[in-house]
Amino acid sequence: MAKANPLQEQLLKAGLVKKSKVAEVAREQNKARHAKGPAGPSEIQIEAERARAEKAERDRALEAERKAQARMAEMRAQARQIIADKKVPRAGESEYRFTVDGVIRTLLVNDDLRKKLSAGVLVIARVDDRFELLPRPAADKVRERDASMIVLDHGQAQDSAADATASDDDAYYAQFKVPDDLVW
């Protein structure tokens, strides 16, 4: 036990403090006299803190990526649902050809559907390996969620450079007569 100072001894004899309390205060004083000043964090502690911060940042980035992927999957599912709900039934024997990813595809349509497709009232959308016809309002909703699902849209405004070359080509080809019954 650490030695008590005279004041502590007098208080102890007078019965104002207990022996255990005097011993506790004496130990604290002894520690305060012999203890070193507060040491700065060691290199290991600094390295551990930096590693924790890096791991937390990686975890935040991974979580943000997972949330973005989940959001994209949700948007794609919504687009699929819109296509399934709003698709226009195809009927007819006339072939309508269009290109997708450099490959010519064919849909069987009637004359009414062909006119609506060429006017931009109907749009062709891809769901997995199938192609479906959609009305313009539904196609706009699908385009908001996943634009890659729309494969043919004659009503969509093209950029100005394509319009300029198209008008030059149209002026040149206007001199040639095209038969009325020609179907590509």
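## The three-stranded sheet

Three strands form an open sheet in the order E4-E3-E5, with antiparallel pairing; two strands count as paired if DSSP finds at least two bridges between them. Strand E4 (130–135) and strand E5 (150–152) are the edge strands, each pairing on one side only. On average, and with direction ignored, neighbouring strands of this sheet are turned by 45° against each other. For such angles, axes are lines fitted to C-alpha atoms, for helices over the stretch in contact, and angles run from 0 to 180 degrees between N-to-C directions. Strands (E, at least two residues) and helices (H or I, at least four) are DSSP runs numbered from the N terminus.

The model is predicted: local features need pLDDT of at least 70, side-chain atom pairs count only at pLDDT 80 or more, and totals for chains, interfaces and linings use all residues. Residues are numbered from 1 along each chain as its sequence is written, and side-chain values use heavy atoms, with hydrogens and water left out.

## Strand E3 and its partners

Strand E3 (residues 122–127) is joined to E4 by six bridges, and the two run antiparallel. Val127 has Arg130 as its bridge partner in E4, while Arg126 stands opposite Phe131 in E4. The hairpin of E3 and E4 has two residues between the strands, and in this hairpin Asp128 takes a positive phi near 55°.

E3 is also joined to E5, by two bridges, and these strands run antiparallel. Ala125 has Ile150 as its bridge partner in E5. E3 is mostly covered, as five of its six residues are buried. Buried means under 20% relative accessible area, exposed means over 50%, and partly exposed lies in between (1.4 Å probe, protein chains only).

## Salt bridges

Side chains of opposite charge can pair when their charged atoms come close. A salt bridge is here a side-chain nitrogen of Lys or Arg within 4 Å of a carboxyl oxygen of Asp or Glu, and the count by this rule comes to 18. One of them joins the side chains of Glu132 and Arg130, at 3.7 Å from N to O. Glu132 counts as buried because its relative accessibility is 10%, whereas Arg130, with a relative accessible area of 45%, is partly exposed.

A network of salt bridges links Arg136, Asp140, Arg143 and Asp153. Within helix H5 (residues 136–145), Asp140 and Arg143 lie three residues apart, about one turn of the helix, and their closest N and O atoms are 3.5 Å apart. Asp140 is partly exposed at 32% relative accessibility, and so is Arg143 at 22%. Arg143 also forms a salt bridge with Asp153, where the closest N and O atoms are 2.7 Å apart. This pair links distant parts of the chain, with Arg143 in helix H5 and Asp153 in the loop between E5 and H6, 10 residues apart. Asp153 counts as buried, at 13% relative accessibility.

## Confidence

The mean pLDDT of the protein is 85, and 88% of its residues reach 70 or more; pLDDT is the predictor's confidence in each residue, from 0 to 100. Confidence is highest in helix H3 (residues 43–86), at a mean of 94, and lowest in helix H6 (residues 160–173), at 68. Where pLDDT is low, the predicted coordinates should not be read in detail.
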